[in-house]
Amino acid sequence: MIRDSFSLLFFIIAMAILPQLTQSQEVSFQRDIRPLLAKNCFACHGPDQEAREADLRLDLRKGAVSQEGRSAAIVAGNPDESELVIRLREKDPDVKMPPPETGHALSAEQIALIELWIRSGAEYSEHWSQIPPELSKLPEVSNPAWPKNPIDHFVMAQWDRRNMSGSTPADRETLIRRLSLDLTGLPPTPEAVDRFVDDPSPNAYETLVDRLLESDRFGEHWARMWLDLARYSDTKGYEKDNPREIWRYRDWVIQAFNQDLPFDQFTIEQIAGDLLEDPTSDQQLATAFHRNTMTNDEGGTDNEEFRVLAVKDRVDTTLQVWMGLTMGCAKCHTHKYDPIQHREYYEFYALFNQTADMDRSDDEPRAATPTRSQQKELLTLENSIQSLETAYRQETDVLKVAREAWIQELAKSSVWNKLVPQTMETHSETQLEARPDHSILAKGVAADKETYIVTYDDLPEGEFDALRLEALTDPSIQGGGPGRNDRDPNFVLSEIQIDVYTGENREGVRIPIQSAQADFSQSDWPVKNAFDGDQKTGWAISPKKGQPHVAVFRFGVPFQPKKDQRLKITLIQNYGNRLVLGRFRISLAKGTEQVLTPDPQDLGDLARLPENQRTVEQREQLAEAFRRQWPATADQLSQLEGLREKKDRLVKSIPRTPVMKELGSSQNRETRIHLRGNFLQPGEVVQPGILGAFHDFPDGAPMNRLGVAQWLVAAENPLTARVAVNRIWAQLFGRGLVETEEDFGVQGTLPSHPELLDWLAVRYQGEMGWSTKSLCKTIVMSSTYQQSSKTTPRQQQVDPENRWWTRAPRFRLPAETIRDQALQVAGLLSRKIGGPSVMPPQPEGIWQTTYSTLKWKTSEGQDRHRRALYTYWRRTSPYPSMLTFDAGSREVCVIRRIRTNTPLQALVTLNDPVYIEAAAGLAKQMIGNDNAKHNGLDYGFRRVLARTPNEREMSRLEDLLNTSIQDFKNHPEQATALLKAGKVDASTIEDPARLAALMLVSNVLLNLDETLTRN
């Protein structure tokens, strides 16, 4: 009886709502039923087998619906016999569904809706996001003259269904400001507004659109959106949050948008640019997208743990950015709402698990990523070096004759005079032994650090310009030498000291060293370090170990030994780790710098060898030595060395950006399921794979990151194009056609205009060729976009949230645009594009952290007023004014910024140093464009809002200006203080009170709601 009463009640409710459904559409599983079941039932009766209750799945028709029997959850056509409906109606809390303790409950209207669906056959349909988009036929509309393009047909069709109408077209002043802010993130100048307003051409609007799309500011503006997705930051995150040099990736994104890189290529290069055949520097740079993951530099952390976290972040980010799926939910268990299995998560994870990065503090692997100007300069230098090198090595008849004469002269005497050691000492138990060839061999246990002291008595006659130190190999040295560490036969010569002693005098005279050359020096360990007076530096030769090396030290003044003099050579080797010389030899010589070269063999010895006994290498050694001293080639060599030094400096200045790099096949990691998401609890081994609910891997695609990228942009993928166009729509309209940009799954919102979304998606990947600029143009050329934002009472009643686009949306500008706009209208904004991140003014003390020495050093010059995009972004302390305006920390991917409205935002634009300086800049603009009638106020108003003020607005501004001028004249110290805050020296201003008053007016203009709003 009770059940019959409930049946009657719900039948009455169903009959009440049925006419409403009939007026629009029949009950839809996609639109009406699945959202109810997903919200209230799928957590316990959905895809997740481990969490599933009563072995019942309500997300699939099979098993939930039965055409016969009374025990099924759903009996198609008979809600009264359906256990689902019975439990929904139930009052007993022990039986009722969903259980009261879950906090979920369905209203009587919602239960009645489910009843109607069951009564009509309980038909299921695949979730809309899993069905590939198709072009719909353009709907007929009530006013065929209104649509400017197909977008308008889909929008107006929704109006017609609901008996609604749109707004009038926006005026040209509003349109140019809207377009400029939407496409470039900057307001138009008054001059640009005048040109557009006065342009009589019927194509004036389209011309404006094209000009803005071609502006370099387009890429800067749209890159901001992508950097949120890429979780771009100038630091690594976690506690230390150390710096990371990755700004070249940001510049790559700007360039990609400006060049309109097709979105499919944009995708492939970022996910797998390194895996392309013969990848360019830019394609490798693009992979920094996935090197924006955080790295933990704290001591005692497990590198593998944080490597795994980085890989999981890449998996989650990839699926959310390109397909709008909350993939991360499946890392611990099968997704409770969407068709993503726990196992599939780790099959997909395996595709990203073979990269070489390992949570290293040095961020390796990194790649040289030169800027455009550096590439151009490097190419010019390389061409010049190649041309000069060819000329330098050209074998002419004159050169050959001169060289032969030089070799014959050289054979008559040795260039180098090998010294015979007299005494040999060490600072350890190591013993030094003189060899017949005058070299010295270290024997015994190698010391961790060492100093060798050798004296020479029987010095040769003559005047000497240089000393030669040979680091020699020897069979007795383990590892081959020249160093004594058998595992690392390198050496580090910290300092060489050369002293001259006369007679028995123990006070020697130090011979100064002017310069040095070596046949090879280890990176960052040049031979000049061996006489810089710093024993913490030195000369080293890694990785060229196991072979002899030579260093030549040129004296500051020539040394002419006397008969009673002796030479003392001190070799200090303080690096540690037994990186000390095993065998060495000392020689003296006189000659030009071109002759006294660090050649492994004595040139005199080579010259004395008969021609037919010299090896190819020895012939080239003599030829090179001759070129170095022959005037014609010596001059070319000098130029060459200058160019090479310049190239070396340039190469060292090139940023090295963290990039993706695949491990070799022999190094591939095994991937296992992580039980409950814990990498310390490995489950069964899995092979690389994709999500089974979607399309297959493209034919011939490799099963790696490149294959993933190709799978994402394949024509069969139902989501990538939809997600991309929805994101662009959201940037231009403040909200996406699918409002939940971050979730296109079961828990996400349904598209407000599904046919329009699909039309845009198909066109984007088809006719538009994935061109983002074409997509933007298509949208902004529509009548829908060009409407006024003014609303009517009727629109407020039937479309209060503007879900059906009955008017142009009004929404607060993004944090970066608010700041850039202020600097632009003030005439302060730098036009420079790209380059390292900058540090504009921010409050003191923000960066006081325990575990980092990183300091905020406020930039000067034009870097003080760069676009907000270039602001140094620290994850643990993001730039505060932009954080206040809803920018994220970028520790993880930010799909959609949620706009808030707080008092702190007003405090920022009223008091932040950037906005005070902008107010001063705008005041100067007004003084430079003043007139007797309005004192420049109309010009300032137009710079900010792109329109002419009305009489009431102008009157109020003039009252404020006049009152403020008088106040500042009465209190000049306040005018001085305000001007100082705006970086203006009051002593240089003819009328400080007037400029300070204009600053107040400017501050008001910059804080108007209309200023901060995209209208």
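The largest pocket in this predicted model holds about 1400 Å³ of space. Its lining counts 30 residues, and those nearest the centre are Ala518, Ser521, Pro526, Glu645 and Asp648.

Which elements supply at least two residues each to that lining? They are α16, residues 372–392; β12, 513–518; α19, 616–629; and α20, 631–653. Helix α20 has the largest share, with nine residues.

Now to strand β10, residues 495–502. Six of its eight residues are buried, so the rest of the structure largely encloses β10. Buried here is under 20% relative accessible area.

Next, the partners of β10. One is strand β14, residues 565–573; the two run antiparallel and are joined by eight bridges. Within that pairing, Gln497 sits opposite Thr570 of β14.

Another partner is strand β11, residues 509–510. Here the pairing is also antiparallel, with two bridges between β10 and β11. Val500 has Val509 of β11 as its bridge partner.

What do β10 and β11 form together? They make a hairpin, with six residues between the strands. In the turn, Gly503 has a positive phi of about 55°.

To recap β10: it is largely enclosed, as six of its eight residues are buried. It is joined to β14 by eight bridges and to β11 by two.

Technical notes: Residues numbered from 1 in each chain as written. Predicted model: local features only at pLDDT ≥ 70, side-chain atom pairs only at ≥ 80, totals over all residues. Heavy atoms only, no water. 1 Å grid on protein atoms, 1.4 Å probe; cavity = no way out; pocket = protein on both sides within 12 Å on 5 of 7 lines; lining within 4 Å. Points joined across faces, edges and corners; volume = space filled by probe spheres on them. Helix = DSSP H or I, 4+ residues; strand = E, 2+ residues; numbered from the N terminus. Buried < 20%, exposed > 50% of the residue type's maximum accessible area, 1.4 Å probe, protein only. Pairing = 2+ DSSP bridges.
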